[in-house]
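Here is a short report on helix packing and nonpolar cores. Look over the sequence and the model first.

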Amino acid sequence: MKDFSLDRDLTEGYVLTVDKPYGWTSSDVVRKIRYLLRSAGYRKIKVGHAGTLDPLATGVLVVCIGRATKQADSLQAEEKEYIAGIRLGATTASFDLEHPVDATYPTDHITGDAVRRALESMTGEQDQMPPVFSAKQIAGRRAYDYAREGEEVEMKPVRVTIVSAEIADMELPDVTVNIVCSKGTYIRSFARDLGMALDSGGYLTSLRRTRSGSYTIDDAYTLEEIEAVLRPETPDRRDTTDKKNIAPHGSHLAAGEN
């Protein structure tokens, strides 16, 4: 139920479900909300998120306000649900649309039944290799820093669980998959792995998180709705006064799904 308002003391703690827009990093969203809270009189309030979303993804971003920031780690550890668009027959360096196609593979042998069998084989607890264009820490630096500089880096697999992966729509070589998974799962890696399981390639074309723990997209606020609550007196709620500091980065190299 949506109950976010200024009628409560937000410093006491509030978990806000945000529908993260395309092109924004998770940190952009946190900065935007912190700015709006300060505009509403909360000068020193803490704000953080519980589980990163790539800028090219949309959907549920759990934002913790005030004392609720102490819950961030436990909230981040909860199960996630996604709707993922995957294109088979090609790969990119980042496993998504951030980079151009770098190789193509045959798809004539891929059938709907083959995709279903591959998805079934990919469920359960498993080791997953994160993308090199990710925020994983390696020797004190982010993996994407090495990738940007053209340096080769050894990525270590991460133990994750794919609870379920079911076809929502399919028009080969494109397939849309509903995925339920554990914390730390890279859906970009899942797309790459699906292509490999089908003796082809695969990369992510779209991603929307629909649930994080008990927080769902049905309860999520858009940034415009949040601004309407925190700055109700502002005639044009999409003003540009704060764009210098909180405009979206537009590059997913700063984050990954988890």
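## Core and helix packing

Leucine 194 is in contact (heavy atoms within 4.5 Å) with Ile86, Leu88, Ala118, Leu119, Met122 and Val175, its neighbours within four places in sequence being left aside. The model is predicted: local features need pLDDT of at least 70, side-chain atom pairs count only at pLDDT 80 or more, and totals for chains, interfaces and linings use all residues. Residues are numbered from 1 along each chain as its sequence is written, and side-chain values use heavy atoms, without hydrogens and water.

The largest nonpolar core holds 25 residues. Such a core is a set of buried Ala, Val, Leu, Ile, Met, Phe, Trp, Tyr and Cys residues joined through side-chain atoms within 4.5 Å. Ile86, Ile179, Ile187, Phe190, Leu194 and Leu198 touch the most other members. At least two residues each come from S4, H3, S10, S11, H5 and S12. Another core, of 21 residues, lies apart and includes Phe4, Val18, Ile33 and Leu61.

Helix H5 (residues 187-197) has nine of its 11 residues buried, meaning under 20% relative accessible area with a 1.4 Å probe, protein chains only. Those buried residues pack against these elements, among them H3 and S12. Just after H5, aspartate 199 takes a positive phi of about 55°.

| Element packed by H5 | Residues |
|---|---|
| Strand S4 | 80-88 |
| Helix H3 | 112-121 |
| Strand S7 | 124-128 |
| Strand S10 | 158-171 |
| Strand S11 | 174-181 |
| Strand S12 | 202-212 |

Key:
Buried means under 20% relative accessible area, exposed over 50%, partly exposed in between (1.4 Å probe, protein chains only). Helices (H or I, at least four residues) and strands (E, at least two) are DSSP runs, numbered from the N terminus.
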